[in-house]
Amino acid sequence: MRPIANEALPQTDEVYAEDGALIAIANDKVDSDRACRDDALNIRARSSVGRKTRGRPESGMSVARSVADVLRDHVVLELEAIDRMYLNVYVPHLQTVGAVVGYLRVHRGQRFASTTAVVPMSEAFVRNIEQFVDDEAIDLVSFEKRERKDDVTQRYLRSFRKREGVLYVGKAQEKARVMRTERRRSRVTGATYPWIVESTAMVNHYYFYCVDEDFGPFFLKFGSYFPYNAKLCINGHEYLKRQLTKRGVKFEALDNGIKSCADPKLMQQLCDGLSADRIDRLLRKWLRRLPHPFPPRDRVAGYRYALSILQAEFSLTQVLDQPVTGRIFFEEVIRENLDLGRPSQVSLVFDRKVIRRTPGRFRTRVITDGVVPSLHVDYKKSRIKQYHKEGQALRTETTINDTRDFAIGRRIENLQELRKIGFAANRRLLDVQRIGHDCFIGEASFQDMQRPVTVDGQRAAALRFADPRVQGLLHVLLLFVLVQGTFAHSDLREHLAPLLGQKPSQLTPGRITYDLRRLRLHGLIERIPKSYRYRITANGLRTAIFYTRLYNRALRTGLAIISQRETDYKLPIAKSIRAAEVAVNNWYDDEKLAA
């Protein structure tokens, strides 16, 4: 469901310099009851208060609040929980052509490996589903194209009164990975023979929408074509609500969240208890109750379903004391983060445009979905999303779409390690936002970066502020802080290259080693003992934020404004610069010191 809005953020018009840098963002079509101005940045937003209260701050709050103030003083409830999980349900021994050939020839005793042997099994599976629908007196719903399945499910949930059971069965044609049989001809004898190949096809999928007494609503989707791969979708917040209800703990729910709870400590313990083992037991329980595509003799022989993680969302919900607190937070966050990327579906990779040939995927976006703003940080196939949930809470959510982005396997047994990464990413984003509000490093520290340094006999070159390579290095460090936390030599090489307009293969290992030594000797990163990985230091984080923000906001935009070729003479700052220039020249002329 779409979160309820408290304040509308404007759709934006974007002005860019020749190299693609974001210069100004403004929209003159919306009300200007409240404006925040920062030289070349002007965001105008509608006031969320009514006519009678327009211009008045909400009770108990001062208008000026920083991100750090909001997170420190105005969070009344905090919850870390697995949110939605989308899991692969598959038979490990039937995922390759060779394994399928072994199943057909060895286990099934077929002379030739051909998928025609499993057609009767597929037909029996579909008949069993139809019989199950009749026996349980439930509906078989054929989904229309572009029909929202969640809307259909909500209608059934409103009338469901049992402790647990099947709501309905849905049917839809979708693309699936399948094993097909081709007929090939021998070059020697000329005889034909069957040959199994991996392919895709549009096949019927059956959605079993159910309610479990421990997990609440979930669905299990089966493909009706061999090898009958399936998907399981669960929601960790629905699991939590069920567990709190079973224990008699009073709570107030948000849509897909919790607003208040009588026992916050127990609530967090219940969230932490959602383990891989519990999820596996849920699957086994319902596989026994629902039609199964494989006969018992196949399951006894080891052809059993296993779970792997296709997508997992790890959320941090921070309930705020008043709606205005969340609006203040996002005003600050959006203003502080707009210069990291365009606020639209089109993105800048920090200082450079992303094009089709750019390897990797990393960007920051601010999206206005209707009237609810959200901040997105993308890394490869994963994403951190931050938004104001129903005007009540700050939701920070890391979505991992490929566990191998973090060198972790996909099996469900890796969930514990994956949740550490997801929750840590949420916390790191908030830490960066806290520090980003006040990231000054002091003149002495700034000057130290401009000079070479020698530590224990090792010399490292300066990290000069205006050097594009230095800016690229610090941008990449911020990326690793937000998502990975640590990084290796190859990670730096992969993500630095696009920022410099190069391919990773163009950066030699020696050059990356040189950059790592510079960062380490200047105290911006440190090597993790007994490993080849690095992490950013507290001083490094503050320096990286200061360098990149000052460069993007002051240097790039300022030079674009004062440039003879680029200046828009209607800008107030441009007029002031020209007036100062004329005044200085006139003074020189008067003093006969004309330059």
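Select Ala 488 first: its bridge partner in β24 is Arg 533. Strands here are DSSP runs of E, at least two residues long, and helices are runs of H or I, at least four, both numbered from the N terminus.

This is a predicted model, where local features need pLDDT of at least 70, side-chain atom pairs count only at pLDDT 80 or more, and totals for chains, interfaces and linings use all residues. Residues are numbered from 1 along each chain as its sequence is written, and side-chain values use heavy atoms, without hydrogens or water.

Next, select β22 and residues 533–536, strand β24. The two pair in the antiparallel sense over three bridges; pairing takes at least two DSSP bridges.

The open sheet of three strands runs β22-β24-β23, with antiparallel pairing. β22 (486–488) and β23 (525–527) are the edge strands, each with a single partner, so one side of each has no neighbour in the sheet. From one strand to the next, the twist averages 35°.

Bring in α13. This helix packs on the sheet and touches β22 and β24 (contact means heavy atoms within 4.5 Å). Its direction makes about 90° with that of β22 (angles run from 0 to 180 degrees between N-to-C directions, with axes fitted to C-alpha atoms, for helices over the stretch in contact).

Then show α14. It touches β22, β23 and β24, at about 105° to the direction of β23.

Last, select residues 489–499 (α13) and 509–521 (α14). They pack at about 100°, axes 10 Å apart. The helices are therefore roughly perpendicular (65 to 115 degrees). Show the α13 side of the contact: His 489, Leu 492, Arg 493 and Leu 496.

Key
Angles under 35 degrees count as roughly parallel, over 145 as roughly antiparallel, 65 to 115 as roughly perpendicular and the rest as oblique.
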